[in-house]
Structures are given as structure tokens and as C-alpha cells.
Amino acid sequence: MDVLVESLEGKKVGVAVSGGMDSMALLHWFIRNRQELGISLTAINFDHGLRKSSQNDSLFVIDYCEKHNIPCLFYKLNLSKTENIENTARLARYRIFHELLANKELDYIATAHHALDNAETVLLHLFRGSGLKGVSGIRYKTPEGIIRPLLYTQKEDIERYVKENDIPYVTDETNLKTDFDRNYIRLKVLPKILRRFPAAVKNITEFCKTAKSDDEFINRFVKPVQVINGEAFLPLEEFDQAPSVVNRTILSALNALGVVKDIEQKHIELVKSLTRKQTGSRLDIKNQVTAIKDYNGITLTRLAEKNLENFSAPFEAKEIKLPTGVLKVSEEDSIMDLNFLKKSNELYIDAQKLPSGSLVRYRREGDIINKFGGGGTTTLKEFFIDKKIPARKRAKIPVIAKDNIIYAVLGHAISEDVKVASETKTIYKLTYLEDNNG
């Protein structure tokens with residue numbers, strides 16, 4: 001039986017053991033070779049509690065480990081049944097794996113995924129609409145330290161090894177049910193393929209290696225996507241690149257927003273379709289992530305919109321806390337260059353020109369502003385459109401107002417009504433610090 005392992009000398013290695021043929025073969029191989037490898041060995045077993053025989057299977061593994069002087073970490077999982085219980089159980093196992101690795105209790109954890117598992121994964125991804133990354137198959141090693149030493153080992157080689165070494169194992173009866181997609185492929189689809197194409201699994205394995213190499217090459221051209229204020233922004237020019245690079249860029253943006261599982265080609269195409277739609281168009285993509293067509297790109301966000309219409313706070317020369325950040329109002333002696341007023345992110349107003357009783361609030365129906373530098377009075381909505389501020393952001397931009405007259409749009413502009421002039425006696429500097437989580 002071919003087993004692929006890198007240098008593990010001096011490492012603490014855990015083997016995930018269900019009691020089935022594959023994991024028992026892997027555990028047996030590590031027991032036989034642990035001295036030569038120079039490792040300390042631990043078994044890891046889970047009782048998912050989803051079938052009557054699962055407790056007996058765990059007792060079988062624990063008993064086997066005791067006979068071979070192997071420590072066994074046992075976990076009883078309490079899983080609530082869901083539509084995708086198979087994935088729920090997998091996530092629970094891997095959460096524990098990652099904790100063991102992060103806490104340095106183990107350096108590596110080996111699972112018994114083999115070539116047939118890999119072929120099943122590739123077909124499953126293809127049927128669901130995967131791209132090149134999905135058809136690269138299962139990774140041999142994850143960044144956290146999970147390894148798959150049998151990944152390129154054929155199932156018949158494992159069966160032969162078990163028979164030759166008289167290795168005991170148990171059978172999970174749920175593996176014989178076709179309710180799960182993976183089991184359906186394993187029991188119904190692959191057997192027919194292999195009867196017609198006996199080398200299919202081997203060829204899929206080689207294809208995975210090629211796909212992985214191509215995937216890594218394309219990723220060199222993908223720019224990292226940053227999430228700022230809960231949003232990932234993709235400029236329209238990014239969509240002019242090669243389709244494979246565009247797809248990866250969108251995938252990177254979804255990953256940055258925490259969407260890392262079950263991303264299909266249809267989700268990528270939904271994002272791309274927005275480039276042909278009007279500004280302000282939006283589509284729900286996946287896991288509460290929404291894609292929005294902005295003036296010069298596509299924004300991916302999972303932020304819930306806040307209802308701020310009824311918020312208000314008295315304007316005062318101090319620090320004012322807002323639902324979306326902090327406004328710092330300070331008194332300035334003078335400004336040498338009045339042209340600076342049009343350039344700076346910090347706004348300056350004539351304190352005496354601001355009406356008494358002004359409020360800091362958010363937009364309301366009927367708001368108007370006298371545009372700075374001339375241009376007359378316009379609605380706040382038209383002001384936002386002129387400034388090309390996306391519609392979803394407008395409700396979260398604070399303003400200083402009296403009744404329906406706007407005197408400052410914080411972070412953007414002041415009204416002509418409160419501009420600083422040569423005769424100004426008191427100047428207020430308005431510094432708005434937006435909450436990055438808001």
C-alpha cells in the first residue's frame with residue numbers, strides 16, 4: 001500500500017479513526033512504521049450519535065488502541081439533524097481537529113481519504129457546477145496541518161493491505177444509503193463508470209494534479225481582495241481580465257467575506273452579470289452576501305442596513321458619538337489657505353453662521369442643501385447622486401441640519417451657507433471618524 005508522508009520526525013501525529021476499513025488500514029500502517037518515522041502517535045475517534053451502532057464502533061476503536069498501546073482521543077458529538085447532516089458532522093470533526101492543532105496538542109492529523117474519495121469529490125464538484133479549484137480535488141495537506149497520506153492510493157490497494165495483514169474493521173451502514181450525494185456517486189455513478197472505464201479513478205487523480213498546478217498558476221495573477229467596512233470592492237476594470245482570473249477574483253472576495261464552502265459557478269456568474277446592469281442593481285449571492293453595482297465597480301457586502309432616520313443629537317463643540325462613528329468638533333483660530341476647505345477630508349464651518357438648535361442626524365425626506373462654491377440649492381438626494389455616493393451608503397452618512405436645511409454632509413462637503421470667509425471670527429473643524437464595523 002503506497003502511503004505518501006513527508007518528514008515527520010519528532011512530530012506528534014494524530015490519526016482520525018472511525019473503525020472503517022480505510023482508517024484502520026492507515027492506523028495500522030502508522031503503528032507499524034512509527035519508530036522508523038520517529039513520531040508519537042495518537043488516535044482520534046468520534047461518536048456522532050446518529051446511528052445505534054456508532055457507540056459500538058467507538059468501543060471497537062478504543063479497544064484496538066488499548067491493545068496496541070496507542071492513546072485514543074474520544075469525542076461524543078451532539079448533532080442536531082439537518083438537511084445536510086453529513087456536512088454538519090464533517091464541520092464538527094474539523095472544528096475539533098483545528099483546535100487540537102492550534103493548541104499544539106498535535107502537530108499533524110492524518111485522515112484516510114484515498115484516490116476513490118478524491119474522484120468522488122471531483123465528480124460531486126463538477127455536478128454542482130465547480131470551477132478549476134473544485135476539480136483540483138482534495139488537498140493533500142491543509143495550512144492547519146491536516147494531511148491525507150492515502151490520497152493517491154487506490155481503494156483496491158487498501159483492501160489488499162487489510163486482507164494481507166488481517167486488520168479488523170467495522171462497516172458503517174449509512175455508507176450504503178444513497179440519501180447522501182456522495183454515497184449516491186460512490187454506489188450508483190462510479191461503479192458504472194469503472195465498468196466502462198477501469199482506469200477512471202487513476203486518470204481523475206492525474207487530472208487533479210494538473211488542475212491543481214493550473215489553479216496555482218492562475219492564482220498568481222489574482223490580486224488580493226480587502227474587506228473595508230464590511231465590503232469587498234471589485235473595480236469594473238477587473239472584469240476585463242481573462243475569465244479565469246475574474247472568476248478567481250470574485251472567489252477571493254467571497255472568501256474574504258467568510259464564504260468559503262460550496263461556492264458554485266452560478267454564484268460567480270451572478271456577480272459577473274451585474275456589470276451589465278444599471279448602477280444600484282443588486283443580487284443576493286450566497287450566505288447573506290449581496291452584490292451591488294456601484295458607479296465604478298461591484299461591491300460585495302453582508303452588512304445589514306440600519307434604520308437611522310429617527311436618530312438625532314444636538315450639535316455641540318465636543319465629541320459626539322453616532323451610530324456610525326464619532327464626530328469631533330473643535331474650535332480653530334484660523335485657516336491660512338481657504339482653498340484648503342475644498343480639498344481636506346476635514347470640514348471647516350463658520351460657527352456663527354450655523355443656526356442655534358442644529359442637529360447631527362441622518363438623511364430625511366425633503367432635505368436640501370445650498371451647494372458649496374455656487375450651484376444653488378439642490379435636494380440631498382441629488383447631491384449624493386452628483387457625488388456618486390452609492391445608494392446603500394447614503395442612509396449611513398451623518399449630516400448637520402436645522403429643520404430640512406443641510407449645513408454639512410460629514411466626510412464630504414459643507415453648505416455655502418456656513419462657509420468660512422475673511423470676516424469669520426470662530427471656526428469649527430468637523431472631523432468625522434467612521435466606524436469600520438458600522
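**Strand pairing and helix packing in the predicted model**

In strand β20, I414 is the bridge partner of A408. The structure is a predicted model, in which local features need pLDDT of at least 70 and side-chain atom pairs count only at pLDDT 80 or more, while totals for chains, interfaces and linings use all residues. Residues are numbered from 1 along each chain as its sequence is written, and side-chain values use heavy atoms, with hydrogens and water left out. Helices (H or I, at least four residues) and strands (E, at least two) are DSSP runs, numbered from the N terminus. Two strands are said to pair if DSSP finds at least two bridges between them.

The bridge between A408 and I414 belongs to the pairing of β19 with strand β20 (residues 413-414), which run antiparallel and are joined by two bridges. These two strands form a hairpin with three residues between them, and G411 in the turn has a positive phi of about 85°. Strand β18 (residues 399-402) also pairs with β19 in the antiparallel sense, over four bridges; here V399 stands opposite V409 of β19. By contrast, strand β16 (residues 368-370) pairs with β19 in the parallel sense over two bridges, and I406 in β19 is the bridge partner of I369. Burial was assigned from relative accessible area (buried under 20%, exposed over 50%, partly exposed in between; 1.4 Å probe, protein chains only). Strand β19 (residues 405-409) is largely enclosed by the rest of the structure, because four of its five residues are buried.

The hairpin of β18 and β19 has two residues between the strands. D403, in the loop between β18 and β19, has a positive phi of about 55° although it is not a glycine. Most residues other than glycine have a negative phi. D403 has a relative accessible area of 62% and is therefore exposed. A further positive phi in a residue other than glycine is found at Q288, where the value is near 65°. Q288 lies in the loop between β8 and β9 and counts as exposed because its relative accessibility is 70%.

Strands β8 and β9 belong to an open sheet of five strands, with the order β6-β7-β10-β9-β8 and antiparallel pairing. Its edge strands, each pairing on one side only, are β6 (227-228) and β8 (282-286). Within the sheet, strand β9 (residues 289-293) and strand β10 (residues 297-301) run antiparallel and are joined by four bridges; A291 stands opposite L300 in β10. Helix α8 packs on this sheet, touching β6, β7 (231-235), β8, β9 and β10, and its direction makes about 165° with that of β7. Helix α9 lies across β8, β9 and β10 and runs at about 160° to β8. Contact means heavy atoms within 4.5 Å. Axes are lines fitted to C-alpha atoms, for helices over the stretch in contact, and angles run from 0 to 180 degrees between N-to-C directions.

The two helices also meet each other. Two packed helices are described by the angle between their axes and the distance between the axes. For helix α8 (residues 243-256) and helix α9 (residues 265-273), the axes come within 10 Å and cross at roughly 100°. The two helices are therefore roughly perpendicular to each other (angles under 35 degrees count as roughly parallel, over 145 as roughly antiparallel, 65 to 115 as roughly perpendicular and the rest as oblique). The contact involves V246, N247, I250, L251 and L254 of α8, together with Q265, I268, V271 and K272 of α9. By class, six of these residues are nonpolar, two are polar and one is charged (Ala, Val, Leu, Ile, Met, Phe, Trp, Tyr, Cys and Pro count as nonpolar, Asp, Glu, Lys and Arg as charged, and the others, Gly among them, as polar).

Helix α4 (residues 115-128) has 14 residues, which at 1.5 Å a residue should span 20 Å; its end C-alpha atoms are 20 Å apart, which agrees. The expected span is 1.5 Å times one less than the number of residues. Ten of the 14 residues of α4 are buried, so the helix is largely enclosed by the rest of the structure. The buried residues pack against α5 (155-164), α6 (181-196) and α7 (200-219). Just after α4, G129 takes a positive phi of about 100°.
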